[in-house]
Amino acid sequence: MKKIFLLEDDLTIAKNLILLLRSEGFTVTHAPTRREALAALAGSRFDLALIDISLPDGNGFTVCTEIKESQDIPVIFLTASGDEASVVTGLNMGADDYITKPFRPRELVARIKTALRKSGVSTSAFEICGLHVDTASGVVKKDGSDVFLSALEYRLLLVFINNPGIIITRNRLLDELWDAAGEFVNDNTLTVYIKRLREKIEKDPANPQIILTVRGTGYRLGDGNASE
């Protein structure tokens, strides 16, 4: 699972970003200030950093410098609209990309995946039981034919393929699927989405091999054999 470091002082934006990124299968460490960011970076390694330029105790440029000196990972700056000078400064300091607020969630995710792919960190292809998922392009195929998933069904699938061998509780799935835009998913609708997803990706939805039920607990990604 890819680890993202998020430096964002606006707690509402940070909360929504954390929910969005978790729904895409990332783990997220958040810091709201430059000081806390430097402390968090000192003891951990990450795969990518999202850095807000404007901070209450300085700016994100020094944090970018710190990251680039200690970890060879992509840095994407989050910038205020029209702040061209900051963008140029950030790119000159080694940032890999920038995105201007307010931004569309899907655009940010696409930028992150592009940066990870260029850095060689992300593995974009996944296959199981005739199902092929290319997370870089968002294309899903079953036995060579395109599978058309809704946005929520696709996010649900990503949670499983990004957590192989891990039992995922229903409560965690509900947390992961809470959309940054505020789309509500409750326990009943989760059951419906699991059923719909199985109907689209399983060879035999009544005997699933990809998304297995762990009774009394939740679900897990299968290994291609019969369900439990």
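The side chain of R170 makes a polar contact with the side chain of Y219, at 2.7 Å. A polar contact here is a pair of N or O atoms within 3.5 Å; within protein, one must be able to donate a hydrogen and the other to accept it, and residues adjacent in sequence count only if both atoms are side-chain atoms. This is a predicted model, in which local features need pLDDT of at least 70 and side-chain atom pairs count only at pLDDT 80 or more, while totals for chains, interfaces and linings use all residues. Residues are numbered from 1 along each chain as its sequence is written, and side-chain values use heavy atoms, with hydrogens and water left out.

Stay with R170 for a moment. The residue lies in helix α7, residues 170-177. Helices (H or I, at least four residues) and strands (E, at least two) are DSSP runs, numbered from the N terminus. The R170 side chain also makes a polar contact with the side chain of T191, again at 2.7 Å. What else is R170 in contact with, leaving aside its neighbours within four places in sequence? The list is D187, L190, T191, T217, G218 and Y219. Contact means heavy atoms within 4.5 Å.

Now step back to the whole chain. The domain assignment gives domain 1 (3-119) and domain 2 (125-221). Such bounds come from an automatic or database domain assignment. The domain centres, taken over C-alpha atoms, are separated by 28 Å. Domain 1 brings 10 residues to the contact, and domain 2 brings 11 residues.

How much area is buried between domain 1 and domain 2? The value is about 940 Å², and carbon and sulfur atoms give 53% of it. Buried area is the accessible area (1.4 Å probe) that two parts lose on being put together, summed over both. On the domain 1 side, L19, S23 and K113 lose the most area to domain 2. Together they account for 44% of what that side buries.

Two helices, α1 (11-23) and α5 (105-119), each supply at least two residues of the domain 1 side that touches domain 2. The largest share, five residues, comes from α1. By class, that side has two nonpolar, three polar and five charged residues. In this scheme Ala, Val, Leu, Ile, Met, Phe, Trp, Tyr, Cys and Pro count as nonpolar, Asp, Glu, Lys and Arg as charged, and the others, Gly among them, as polar. Between the two domains the count of salt bridges is zero.

Next comes a sheet. Four strands form an open sheet in the order β8-β9-β10-β11, with antiparallel pairing. Two strands pair if DSSP finds at least two bridges between them. β8 (125-128) and β11 (145-146) stand at the edges with a single partner strand each, so one side of each is left without a neighbour in the sheet. Strand β10 (residues 139-142) pairs with β11 over two bridges, in the antiparallel sense. K141 has D146 in β11 as its bridge partner.

The loops of this region hold some backbone details. C129 lies in the loop between β8 and β9 (131-134). Its phi is positive, about 50°, although C129 is not a glycine. D143 sits in the loop between β10 and β11. Phi of D143 is near 55°, a positive value in a residue other than glycine.

Back to the salt bridges. The count comes to 13, where a salt bridge is a side-chain nitrogen of Lys or Arg within 4 Å of a carboxyl oxygen of Asp or Glu. D52 forms one with K101, the closest N and O atoms being 3.2 Å apart. D52 lies in strand β3 (residues 48-52) and K101 in the loop between β7 and α5, so the pair ties together parts that are 49 residues apart in sequence. The peptide bond from K101 to P102 is cis, with omega near -10°. P102 is placed in the loop between β7 (97-100) and α5.
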